[in-house]
Amino acid sequence: MCMIQDGEQVLLINRPDTKGFPGYIAPGGKVDFPESIVDAAIREVKEETGLLVTEIVYKGLTEFCDPGDNLRYMVFNYLATSFEGELLPNPPEGELLWVNKDQALELPMQDWFKERFPLFFREGTFEKSSVWDSGTDTTLKETFKLYP
């Protein structure tokens with residue numbers, strides 16, 4: 001996932017229900033083997049927005065584990081503050097919106113993204129790990145750390 005910031009504004013995608021994770025979210029996606037994690041973030045931004053990020057900073061890791069399904073889902077979070085190019089006229093993942101970062105949390109978005117949103121803009125990095133039971137939709141354990 002890569003948050004794109006231009007001054008006081010951020011670029012978000014309004015994902016429709018049909019794409020999963022409906023609401024406003026930062027660009028992101030899966031890593032294609034054998035590309036690096038950061039190359040995947042840069043590629044996903046380009047595919048979803050048309051912008052080529054030229055300065056990208058690692059902000060943190062978010063992971064979700066479901067022991068019952070032997071599943072671990074990891075999200076590497078980045079902040080891009082420099083980019084070039086034009087926004088796509090018909091973006092594939094949903095409508096693109098530049099919004100003031102102080103007003104972004106007023107938009108409809110997934111709770112997990114709303115919680116993560118301010119972490120992109122603070123100094124240092126973060127790490128959040130959640131273990132949950134998908135059968136009961138219950139969080140079993142959660143670890144959250146901030147690093148300077």
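Is cysteine 2 counted as buried or exposed? In this predicted model, local features need pLDDT of at least 70 and side-chain atom pairs count only at pLDDT 80 or more, whereas totals for chains, interfaces and linings use all residues. Residues are numbered from 1 along each chain as its sequence is written, and side-chain values use heavy atoms, with hydrogens and water left out.

Cysteine 2 counts as buried because its relative accessibility is 0%, where buried means under 20% relative accessible area, exposed over 50% and partly exposed in between (1.4 Å probe, protein chains only). Cysteine 65, at 10% relative accessibility, also counts as buried. The structure holds zero disulfides, a disulfide being a pair of cysteine sulfur atoms within 2.5 Å.

The largest pocket holds about 880 Å³ of space. A pocket is here an open set of points on a 1 Å grid over the protein atoms alone, where a 1.4 Å probe fits, with protein on both sides within 12 Å along at least five of seven lines, and lining residues have an atom within 4 Å of a point. Of the 31 residues that line the largest pocket, Phe21, Phe64, Tyr73, Val75 and Trp112 lie nearest its centre. Strand S5 gives the largest share of this lining, six residues; strands (E, at least two residues) are DSSP runs, numbered from the N terminus.

Tyrosine 73 lies in strand S5, which spans residues 71–84, and is partly exposed at a relative accessible area of 39%.

How values were computed
Helices (H or I, at least four residues) and strands (E, at least two) are DSSP runs, numbered from the N terminus. Grid points are joined across faces, edges and corners, and a volume is the space filled by probe spheres set on the points.
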